[in-house]
Amino acid sequence: ILLLNRSEMVKYSREPAKEGNSAKAKGDNLRCRFKCTREVMKAIQGLELQRAKRYLEDVINHKDIVPFRKFKSGVGHHAQCKNHKWPIGRWPEKPCRYVLHLLNNVEANAEAKGMDTENLFVTHAQANRAPKIRRRTYRAHGRINPFMSSPSHIQLFVEQRDKDDMSLKGNRTSLKKVKVKRWQRK
């Protein structure tokens, strides 16, 4: 008989770097378009938790925009995109509502672990394609065509940062400098 821990039941694409300083949340088979959800997740990755929630609320109210960087075919140019230094964007309300709900969930998970919710950063935000949901649409002359939807799986990690180490981008640049110095030594 194989016995599994409860923590091993739910699978994530990877594990957080510091298990004690992080909290996780995920949603499976969510009825929101994968392409829009992917762009929303990329937009909030690296943000502080409270700032990410405020950003998604602004997108829902059309006060800010989500830049579409990968799935941009047919997406229009908008003036609000100048804030993100990218000309193409949309206001995907349904994925923003799902991700906002997930951010509230991961904040509650962090509180349950005893973490300080003021110093949380989104370190991992990922959207994957879920199996398509099949429906049918009726066409002229008695034909039937498929009418598919593209749901998505989403997962989030937040990590607690110290006061002096509040930005994720500072860590990345320092790691790149170290790599360059090691390469120059050889």
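## Helix α1 and its surroundings

The buried residues of α1 pack against α2, β2, α3, β4 and β7. Here, contact means heavy atoms within 4.5 Å, and buried means under 20% relative accessible area, with exposed over 50% and partly exposed in between (1.4 Å probe, protein chains only). Helices (H or I, at least four residues) and strands (E, at least two) are DSSP runs, numbered from the N terminus.

This is a predicted model, where local features need pLDDT of at least 70 and side-chain atom pairs count only at pLDDT 80 or more, while totals for chains, interfaces and linings use all residues. Residues are numbered from 1 along each chain as its sequence is written, and side-chain values use heavy atoms, leaving out hydrogens and water.

Back to the helix: 8 of the 11 residues of α1 are buried, so α1 is largely enclosed by the rest of the structure. Those buried residues are F34, C36, T37, R38, E39, V40, M41 and I44. Just after α1 comes G46, with a positive phi of about 90 degrees.

## How α1 meets α3

Helices α1 and α3 pack at an angle of about 45 degrees, and their axes are 9 Å apart. Axes are lines fitted to C-alpha atoms, for helices over the stretch in contact, and angles run from 0 to 180 degrees between N-to-C directions. That makes α1 oblique to α3; angles under 35 degrees count as roughly parallel, over 145 as roughly antiparallel, 65 to 115 as roughly perpendicular and the rest as oblique.

The crossing of α1 past α3 is right-handed, a term used if the near helix is turned clockwise from the far one by less than a right angle, with anticlockwise being left-handed. On the α1 side, the contact is made by C36, T37, V40, M41 and I44, and on the α3 side by P95, C96, V99 and L103. These residues divide into 8 nonpolar, 1 polar and no charged. In this count, Ala, Val, Leu, Ile, Met, Phe, Trp, Tyr, Cys and Pro are nonpolar, Asp, Glu, Lys and Arg are charged, and the others, Gly among them, are polar.

## How α1 meets α2

With α2, the packing angle of α1 is about 140 degrees and the axes are 10 Å apart. That makes α1 oblique to α2, and α1 passes α2 in a right-handed crossing. Here V40, A43 and I44 of α1 meet A52, Y55 and L56 of α2. The contact of α1 with α2 divides into 6 nonpolar residues, no polar and no charged.

## The largest nonpolar core

A nonpolar core is a set of buried Ala, Val, Leu, Ile, Met, Phe, Trp, Tyr and Cys residues joined through side-chain atoms within 4.5 Å. The largest one has 36 residues, of which I44, L56, V99, L103 and L156 touch the most other members. Two or more residues each come from β1 (22–30), α1 (34–44), α2 (49–60), α3 (93–112), β4 (120–129) and β7 (152–160). The largest share, 7 residues, is from α3.

Take L56 as a closer look: leaving aside neighbours within four places in sequence, L56 is in contact with V40, I44, C96, V99, L100 and L103.

## Some residues to look up

K42 lies in helix α1 and, at 46% relative accessibility, counts as partly exposed. The C-alpha atoms of K42 and A125 are separated by 6.8 Å, although these residues are 83 apart along the chain.

Most residues other than glycine have a negative phi. N29, in strand β1, has a positive phi of about 55 degrees. H62, in the loop between α2 and β2 (66–67), has a positive phi of about 60 degrees. Both are partly exposed, N29 with a relative accessible area of 46% and H62 with 38%.
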